[in-house]
Amino acid sequence: QQQQQQQQQQQQQGAGGAEQPAAGPKKVTSISYDKYSKVSKSIVLYIRSQESQNETAGMRQGDVVEWYLNQQEELDTIEALADERKLVRRIIHRLITHDNTLLVVDTPEVGGSDERTITVREEYVL
């Protein structure tokens, strides 16, 4: 047993002898259905209004995230802002992959998911 512990310690040590953090389980974020519904409805309404005003198909995901964050007055710390940004990105991801509410119109070769263009599916009804 002691030998196993020593082997595990050796495996966790990096090139400089410093211990590497153990890869733990993914952190699960959960929110209430009411919050999810509120955020997703806001996003859908905003994208549709911008598309009809500008007569364009789709919006850059980063612009949608930033717009949503600017609407949230209670975010008064950098940590709260960063957490909310992650949450909104996850909600958008779910709206694309699970709920089929949003659709990716264009994904540029460089840049992350904030650079892709998203739109609301035509058949989606609030």
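The model is predicted, with local features requiring pLDDT of at least 70, side-chain atom pairs counted only at pLDDT 80 or more, and totals for chains, interfaces and linings using all residues. Residues are numbered from 1 along each chain as its sequence is written, and side-chain values use heavy atoms, without hydrogens and water.

The axes (lines fitted to C-alpha atoms over the stretch in contact, with angles from 0 to 180 degrees between N-to-C directions) of helix H3 (residues 61-71) and helix H4 (residues 78-97) come within 10 Å and cross at roughly 130°. Helices are DSSP runs of H or I of at least four residues and strands are runs of E of at least two, numbered from the N terminus. The contact (heavy atoms within 4.5 Å) involves Gln61, Val64, Val65, Glu66, Tyr68 and Leu69 of H3 and Leu81, Glu84, Arg85, Val88, Arg89 and Ile92 of H4.

The whole structure contains 6 salt bridges, defined as a side-chain nitrogen of Lys or Arg within 4 Å of a carboxyl oxygen of Asp or Glu. In one of them, Arg85 pairs with Glu66, with the closest N and O atoms 2.8 Å apart. Arg85 lies in H4 and Glu66 in H3, so this pair ties together parts 19 residues apart in sequence.

Arg89 and Asp114 form a salt bridge at 2.5 Å, N to O. Asp114 is in the loop between strand E2 (102-106) and strand E3 (117-120), 25 residues from Arg89 in helix H4. Arg60, Asp63 and Glu115 are linked in a network of salt bridges.
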